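Student: I've got the model open and I'd like a quick walk through it. Can we start with the ligands?

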Amino acid sequence: MNELKSKVKELLGSKEIDLFIGYEQGTRLPRPLLAASCEEADRLIFDEYCTGNLAVYLTRKDLVGGKKVGIAASYYAMRSISRLLDENQLQEGAVKIFGLPPDGAGLKVFETVAEVKQHLQEAPAPPKQVEDGWVKEIEEMPAAERWRFWASELSKCFRCYACRAACPMCYCTKCIVEVNRPQWVQPWAATASNMEWQINRVMHMAGRCADCGACGAACPLGLPVHIIAHKMVEMVTQNFGEPAGKGNVLSTFSPNDKENFIR
Amino acid sequence: MEQKYIPKSSIKAWLTSIKDDGKHIYAPVAENGKTHFKRVKSVDEISMGHVQTAQSAKGMVFPRTEKLFSYVRQQGDVALQDYDPNDIPCSTVVFGLHPCDAAAFKPMTSVFNWGSEDKPFSERMQRVALVSISCSKCDVFCFCTSVNGHPGSTEGSDILLTAIGDDGYLVEIITEKGKALADKHAEFFEAAATCISKEEHLAPVPVKFSAGEVQRKMAGAFEGEIWKKQPLRCLGCGACAFVCPACTCFDIQENAKGSNGGDRMRCWDSCGFSLFTLHTSGHNPRGAQSQRWRQRLLHKFCYMPERLSVRGCTGCGRCSRACPVDMNLSELLNEFELI
Ligand code: SF4
Ligand code: SF4
Ligand code: SF4
């Protein structure tokens, strides 16, 4: 932890970075800290409880625009960063990425895309037992019961869009729910339009989602919307292989596609 | 104010009788680790193990989505169908809300009926009775006592129950509405012992800041750096506003049904959304999250007290519990005292 503090202070001091996106102790759990001074950097922490996906701040132009930035990246944040690099939302070398490699050797700074990708290959992904348990339980439900489950859960959604705000991959300047000419999805809370909203949100993540679970963790009503994303990731991987570098499976096109209706 | 006593064993029977009279009962129901206000079919569904429900009770009078009126286009003319209060359940009892939720009906009323009466809001208010329960436990996010509230405050409630030990509740009957609910089923109530002191049965909610001092400091700090510093991590979602019992912002939307007619809808909105003040020209007078954060706090803690003599916050702590990035409101308000 002290290693992180001194490294960040050094980078801030030498103006190699203007801003460091890390964690500080929060009310109950670690929370994001955007440190621009050595004084602020003294509050930094980085341990196994620091799991929130800080990559969400990397596409906030008002925060990071024109700045040299460093970030403390958990495993899933690293995955998001890799996807953001693939989607040209980040430039290689523009962000100093601090991670904790699994070899236990302590803090490491990742500078290149290759290093990030290699880390993702080598480090074990934190387990998703809880999510897998949910998926199993839901899949075992008969179709009518499954429908009732999702209708009941999503009937509660009040469209605060915390799930969208917490997602590093939701960086559109205008979301489809806010397009009103024509209006694709009704923007007020009601069971059917809430379902449309979540289906749209998750479909737009196909092949892009890092499976970090930030959407579900952000929902103030505790709706398990990350489970939909988790299942989608599983299906995309089964059908299209690891998404690495291939982008959104619903919008990329290859002349060699095995389906001929597309040609 | 009249005081009575009700044994714990009679509470369910009393509520069941109210339900059998044809009233709707909304109460806290636990589901997947959160507690929500729901219309209950049986009083056995009610759970009171929580510190705070995920949402407040404001949806009873300010639903997240409401049809204001409908219109039909006929041969070059438009026929309007006004808001129909008959669509509202004729009588609803909200049971088990805490004093910080009941207190929020005052700021809501001040906003909706400011200048002219808001019909949907007022029609709903008339039909709702609030049977609150004093808080016997609190958590690190509660700060009612810093904003003139109290875990045993009667403000806003029609009846307030306070658990006295494990066996029963002190019943404080505050309004005519409350009296009617208790008198109709007088058999469940007993006389209150004269020696009951409510205080010792309430949660110890510490005072965290002086609201007067915070208001004074905020009012003088419009250009202060603090507004930029505090919300750096804020994601600009609507979670804090939507769970807040005293937030009243709404959006007007159109539920067009082809070109022949449609409904005009009112739905919840948040001053934290970047779209909230975006003009059609593309200009946004509150283009940065720091400006939106400033608006949120100044509105609650300065503008409302100045103009409506009521604060836009009752200290329920929901915004802080709901925030995905731990914007702990009492902690942040505390920082204003120090500037
Ligand atoms: S965070 Fe939850 S309540 Fe908010 S829009 Fe997403 S699913 Fe709905
Ligand atoms: S501002 Fe926060 S603490 Fe105050 S009433 Fe609203 S939700 Fe509760
Ligand atoms: S809930 Fe938190 S992140 Fe969302 S707008 Fe409110 S303060 Fe910002």
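**Ligands, contacts and strands**

Student: Which helices of chain A each supply at least two residues of the shell around ligand 1?
Tutor: Those are α8 (162-165) and α9 (191-203) of chain A. Helices here are DSSP runs of H or I with at least four residues, and strands are runs of E with at least two, numbered from the N terminus.

Student: Before we go on, what am I looking at?
Tutor: It's a predicted model, where local features need pLDDT of at least 70 and side-chain atom pairs count only at pLDDT 80 or more, while totals for chains, interfaces and linings use all residues. Residues are numbered from 1 along each chain as its sequence is written, chains are lettered from A and ligands numbered from 1 in the order written, and side-chain values use heavy atoms, with hydrogens and water left out.

Student: OK, what surrounds ligand 1?
Tutor: Among the residues there are Cys157(A), Cys160(A), Cys163(A) and Cys219(A), along with Trp197(A) and Arg159(A). A residue counts as near if one of its heavy atoms lies within 4 Å. The shell divides into ten nonpolar, one polar and one charged. For the classes, Ala, Val, Leu, Ile, Met, Phe, Trp, Tyr, Cys and Pro are nonpolar, Asp, Glu, Lys and Arg are charged, and the others, Gly among them, are polar.

Student: And what's around ligand 2?
Tutor: That shell is in chain B and includes Cys244(B), Cys313(B), Cys316(B) and Cys319(B), plus Lys300(B) and Arg318(B). By class it has seven nonpolar, three polar and two charged residues.

Student: How many salt bridges cross it?
Tutor: Five, between chain A and chain B; the rule is a side-chain nitrogen of Lys or Arg within 4 Å of a carboxyl oxygen of Asp or Glu. Asp139(B) and Arg28(A) make a salt bridge at 3.8 Å, N to O.

Student: How many over all chains?
Tutor: 37 in the whole structure. Glu139(A) with Lys231(A), at 2.5 Å from N to O, is a salt bridge too. Glu139(A) sits in α6 (129-139) and Lys231(A) in α11 (225-240), both of chain A, so that pair ties together parts 92 residues apart in sequence.

Student: Now strands. What's the order in the four-stranded open sheet of chain B?
Tutor: It runs β5-β4-β12-β11, with antiparallel pairing. Two strands pair if DSSP finds at least two bridges between them. β5 (77-81) and β11 (250-257) are the edge strands, each pairing on one side only. In chain B, β4 (65-74) and β12 (261-268) share seven bridges, and Ser70(B) has Asp263(B) as its bridge partner.
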